[in-house]
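Visitor: I am new here and would like a tour of this protein. Could you show it to me and let me ask as we go?

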Amino acid sequence: DATDLASAGWGIIFSEAVDPAVVAALAPLLRTRQAQAGDLFRLYQGAAEAGGGYRPGESKSTFLARNGIGPGPADPAKMPYYLLLVGGPAEIPFDFQYQLDIQYAVGRIQFADAAGYAAYAEAVVRHERAAGHPPAGENAPPIATLFWAPANPDDEPTRQTLRQLMAPLAERGAAQWGEGAV
């Protein structure tokens, strides 16, 4: 279930040579995700042969093989479906990210220093608490959902997007969460 971290898993991939201050700065986010993902939480850090961080020049296939994962669909028991890369393209290249993104839902964060990572982690955790996100395994509707799309009179593609994509999404949201929620 991709909507439940306890089912889909969540992992974070650091470069092999990540500054320990960056890892420490992300601690609030890591604790939150570990509580949400449970046994399917993974931390890929350091120079360990298995479970270690990204190594310079490493391909997706080499990284996965080193971590005991072969080709094929994502298996959260082996590697979480959701993966967060930490660092810029000099630390973890875009081509590695794009190859991982074929099987996994991959995101990336990059900040100038540990303080930036700390501010990010604290903001994410604070936002999730304020938004009333439920504990791991429980689903709740978002506080508010907004569907927006331009529909220019002389632009048929934007009008079709509004009619064929956005209107059905809004209708589905209204049916699932109630009229006032959309």
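Visitor: In which sense do strand 1 and strand 3 pair?
Guide: This is a predicted model, in which local features need pLDDT of at least 70, side-chain atom pairs count only at pLDDT 80 or more, and totals for chains, interfaces and linings use all residues. Residues are numbered from 1 along each chain as its sequence is written, and side-chain values use heavy atoms, with hydrogens and water left out. Strands (E, at least two residues) and helices (H or I, at least four) are DSSP runs numbered from the N terminus, and two strands pair if DSSP finds at least two bridges between them. Strand 1 (residues 10-14) is joined to strand 3 by five bridges, and the sense is parallel.

Visitor: Why is strand 3 largely enclosed by the rest of the structure?
Guide: Here we need a term: buried means under 20% relative accessible area, exposed over 50%, and partly exposed in between (1.4 Å probe, protein chains only). Strand 3 covers residues 82-86, and it is largely enclosed because the number of its five residues that are buried is four.

Visitor: In what order do the four strands form the sheet?
Guide: The sheet is open, and its pairing is parallel. Strand 2 (41-44) and strand 4 are the edge strands, each pairing on one side only. From one strand to the next the twist averages 15°. The order is 2-1-3-4.

Visitor: Which strands does helix 3 touch when it packs on the sheet?
Guide: Axes are lines fitted to C-alpha atoms, for helices over the stretch in contact, and angles run from 0 to 180 degrees between N-to-C directions. Contact means heavy atoms within 4.5 Å. The direction of helix 3 makes about 140° with that of strand 2, and the helix touches strand 1, strand 2 and strand 3.

Visitor: How do helix 3 and helix 6 lie, parallel or oblique?
Guide: The axes of helix 3 (residues 27-37) and helix 6 (residues 114-130) come within 8 Å and cross at roughly 45°. Angles under 35 degrees count as roughly parallel, over 145 as roughly antiparallel, 65 to 115 as roughly perpendicular and the rest as oblique. Helix 3 is therefore, relative to helix 6, oblique.

Visitor: Which residues of helix 6 make the contact with helix 3?
Guide: From helix 3 come Pro28, Leu29, Thr32, Arg33 and Gln36. The helix 6 side consists of Tyr120, Ala121, Val124, Val125 and Glu128.

Visitor: Is Gln103 buried or exposed?
Guide: Gln103 sits in the loop between helix 5 and strand 4. Beyond neighbours within four places in sequence, Gln103 has contacts including Lys60, Leu64 and Tyr81. Its relative accessibility is 15%, so Gln103 counts as buried.

Visitor: Is Pro20 buried or exposed?
Guide: Pro20 belongs to helix 2 (residues 20-25). Gly46 is 26 residues away from Pro20 in sequence, and 9.5 Å separates them in space, C-alpha to C-alpha. With 61% relative accessibility, Pro20 counts as exposed.

Visitor: Which residues is Ala48 in contact with, leaving aside its neighbours within four places in sequence?
Guide: Ala48 lies in the loop between strand 2 and helix 4 (60-66). At 36% relative accessibility, it counts as partly exposed. Its contacts beyond those neighbours are Arg55 and Arg66.

Visitor: How many of the residues count as buried, as a percentage of the protein?
Guide: The protein has seven helices and four strands. Of its 182 residues, the buried share is 36%.
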